[in-house]
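Dear colleague,

I am handing over a structure for you to look through, and my notes on it follow below. Please keep it open while you read.

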Amino acid sequence: MEENTSKAITLAITILVIVGILSYLLISLQIQDRMVYTVSQWTESSDHRIAQTYELVKQETYTGAQVQQSLNNILQLDADIEVNGRLYPRNNKVESSDVQSIDIHKIYTVQYRWDSNGIITKIIFT
């Protein structure tokens, strides 16, 4: 008799565990379905157009010391550099006497010139 009672209790516990697991799976699937529905509603209702912003772009500036350093590294930059109308070709090593006319305390604005491949060919400081 005890053996039958033990088997019945084991069977009842097994059935309860299986029902619990199935209930958990059903609830998990319902939550996942609600999340997918919410995300799909959110993405369908949102506007995917590019937003326009109106802000002024600050002009890029460098100090005279930075301009001098650019001239010292002209071979690595592989671009012609023009400072206040004076052209420093990319293939010439710049001597220290050539950069003496550059005021290291002045703020220079910069412009870039590119070739058709997008490579910078000239840097203009004014």
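**Salt bridges and the sheet**

K7 and E3 are four residues apart in helix α1 (residues 2-45), so about one helical turn separates them; helices here are DSSP runs of H or I with at least four residues, strands are DSSP runs of E with at least two, and both are numbered from the N terminus. The side chains of these two residues, K7 and E3, meet in a salt bridge with an N to O distance of 3.7 Å, a salt bridge being a side-chain nitrogen of Lys or Arg within 4 Å of a carboxyl oxygen of Asp or Glu. K7 counts as exposed at 52% relative accessibility, and E3 counts as exposed at 53%; the terms stand for relative accessible area, with buried under 20%, exposed over 50% and partly exposed in between (1.4 Å probe, protein chains only).

Before going further, please note that this is a predicted model, in which local features need pLDDT of at least 70 and side-chain atom pairs count only at pLDDT 80 or more, while totals for chains, interfaces and linings use all residues. Residues are numbered from 1 along each chain as its sequence is written, and side-chain values use heavy atoms, with hydrogens and water left out.

Side chains of opposite charge can pair when their charged atoms come close. D80 and R90 meet through their side chains at 3.4 Å, N to O. Because D80 lies in strand β2 (residues 80-83) and R90 in the loop between β3 (86-88) and β4 (107-114), this pair ties together parts that are ten residues apart in sequence. R90 counts as partly exposed, at 27% relative accessibility.

The other pair is E82 with K122, whose closest N and O atoms are 2.8 Å apart. Since E82 belongs to strand β2 and K122 to strand β5 (residues 120-125), the parts tied together here are 40 residues apart in sequence. E82 counts as buried at 19% relative accessibility, whereas K122, at 23%, counts as partly exposed.

Strands β2 and β5 run parallel and are joined by four bridges, two strands being taken as paired if DSSP finds at least two bridges between them. Within β5, K122 is the bridge partner of D80. Towards β3, which runs antiparallel to β2, there are three bridges, and I81 stands opposite Y88. The two strands β2 and β3 form a hairpin with two residues between them, and N84 in the turn has a positive phi of about 50°.

Which order do the strands take in the sheet? Five strands form an open sheet in the order β1-β4-β5-β2-β3, with mixed pairing. β1 (61-63) and β3 stand at the edges with a single partner strand each, so one side of each is left without a neighbour in the sheet.

With kind regards
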